[in-house]
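Plan: pick a residue, follow its partners, then step back to the whole chain.

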Amino acid sequence: MVPSAQPQSRGCATAGVVAAGLALLLLAAGAIWYVVTRDSPETGEYESAPECAAVATETLDALVPGHELELEEPVGGPEDPAGSGWQCRWATPQGPGEAVPATATLVMVAAPNPGGVTTAADNLRATTEQHDTTGLDGVGEEAVRWTRGAPFTVGCVGTRVSNLYLESCYSVASGYDATEPADEERIVADAEELALAVVGALPESIPE
């Protein structure tokens with residue numbers, strides 16, 4: 001989808017791409033507070049969420065060339081019943097057209113134990129139910145995907161691994177000038193590849 005008001009410079013367009021990803025992150029961070037009554041005391045493998053650097057893989061290098069970590073901020077906290085973790089954003093640096101502008105964003109929240117697995121599943125449902133999602137196999141223990149079309153097309157995947165909720169989003173421009181997004185099918189495929197790489201980079205557990 002082409003933005004209704006196309007930016008006239010690479011800088012503005014890149015800001016639009018980044019803003020789209022950040023808006024999704026903030027939306028997720030505001031929604032994960034919702035937790036229903038725990039039905040299971042099942043304890044998850046993660047006492048905390050990994051930091052952004054732990055999931056910065058070669059896939060991220062390929063999808064966001066020359067990326068810089070523009071955001072690494074905590075989400076939730078010890079007293080938050082949904083858990084705590086990190087939100088991250090990587091983006092192609094602005095400047096001459098050496099790489100097509102792209103951005104990747106990530107939210108990672110470890111639900112508190114006991115009952116962390118159930119809480120993480122609740123976080124996944126509560127955060128993604130506002131979107132028109134499609135089930136996704138092979139990414140974590142359960143996952144869904146969706147797209148957002150304004151101001152730039154953004155592909156997102158929400159997934160659960162044990163008691164860890166993850167939400168990753170990706171967007172890329174169609175050219176160096178970044179006036180239009182890339183084809184939606186490509187963005188969705190790349191978003192799924194990013195989510196799969198993030199899950200693959202997770203440690204098996206993070207003890208207390």
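Predicted model: local features only at pLDDT ≥ 70, side-chain atom pairs only at ≥ 80, totals over all residues.

**Entry 1: starting at R160**

Which strand does R160 lie in? I looked it up, and R160 belongs to strand 6, which covers residues 154-161.

Next I asked: is R160 buried or exposed? With a relative accessible area of 9%, R160 is buried, because the cut-off for buried is under 20%.

Then I listed what R160 touches. Leaving out residues up to four places away in sequence, I get V117, A120, A121, L124, G140, E141 and E142. Two of these, E141 and E142, come back in the next entry as salt-bridge partners of R160.

I also checked polar atoms around the R160 side chain. A polar atom of that side chain lies 2.8 Å from the backbone oxygen of S162. There is a polar contact with the side chain of E142 as well, at 2.6 Å.

**Entry 2: salt bridges**

How many salt bridges does the structure hold? I count six. I followed up three of them.

I took E141 with R160 to begin with: they form a salt bridge, and their closest N and O atoms are 3.3 Å apart. E141 sits in the loop between strand 4 (134-135) and strand 5 (142-148) while R160 is in strand 6, so this pair ties together parts that are 19 residues apart in sequence.

I then took R160 with E142, whose side chains meet in a salt bridge at 2.6 Å, N to O. This pair links distant parts of the chain, with R160 in strand 6 and E142 in strand 5, 18 residues apart. I looked up the burial of both partners: R160 counts as buried at 9% relative accessibility, whereas E142 is partly exposed, with a relative accessible area of 26%.

My next pick was R145 with E192, a salt bridge between side chains at 2.3 Å, N to O. Why does this pair tie together parts that are 47 residues apart in sequence? Because R145 lies in strand 5 and E192 in helix 4. R145 counts as partly exposed, at 30% relative accessibility.

Which residues do salt bridges with shared partners join into one network? They are E141, E142 and R160.

For context, most residues other than glycine have a negative phi, and most peptide bonds are trans. I found an exception of each kind.

S162 has a positive phi of about 55 degrees although it is not a glycine. S162 is found in the loop between strand 6 and strand 7, and its backbone oxygen is the one I noted beside the R160 side chain, at 2.8 Å. Buried or exposed, then, for S162? S162 counts as buried, at 9% relative accessibility.

The other exception is the peptide bond from N113 to P114, which is cis, with omega near -5 degrees. I placed P114 in the loop between strand 3 (102-110) and helix 3 (116-128).

**Entry 3: looking for cavities**

I searched for cavities of 30 Å³ or more and the count came to one. The largest cavity has a volume of about 30 Å³.

Which residues line the largest cavity? My list reads L106, V157, T159, L166, S168, A195, V198 and V199. By class, that lining has six nonpolar, two polar and no charged residues.

I also sorted the lining by element. Strand 6, strand 7 (164-172) and helix 4 (184-201) each supply at least two residues. Helix 4 gives the largest share, three residues.

**Entry 4: the whole chain**

Last, I stepped back. The protein chain has four helices and seven strands. From the N terminus on, I read the elements as α-α-β-β-β-α-β-β-β-β-α.

How much of the chain counts as buried? Of its 208 residues, 51% do.

I finished with contacts between residues at least 6 apart in sequence: 67% of them join residues at least 24 apart.

Definitions and conventions. Residues numbered from 1 in each chain as written. Heavy atoms only, no water. Buried < 20%, exposed > 50% of the residue type's maximum accessible area, 1.4 Å probe, protein only. Polar contact = N/O pair within 3.5 Å; in protein donor to acceptor, adjacent residues only side chain to side chain. Contact = heavy atoms within 4.5 Å. 1 Å grid on protein atoms, 1.4 Å probe; cavity = no way out; pocket = protein on both sides within 12 Å on 5 of 7 lines; lining within 4 Å. Points joined across faces, edges and corners; volume = space filled by probe spheres on them. Nonpolar A, V, L, I, M, F, W, Y, C, P; charged D, E, K, R; others polar. Salt bridge = Lys/Arg side-chain N within 4 Å of Asp/Glu carboxyl O.
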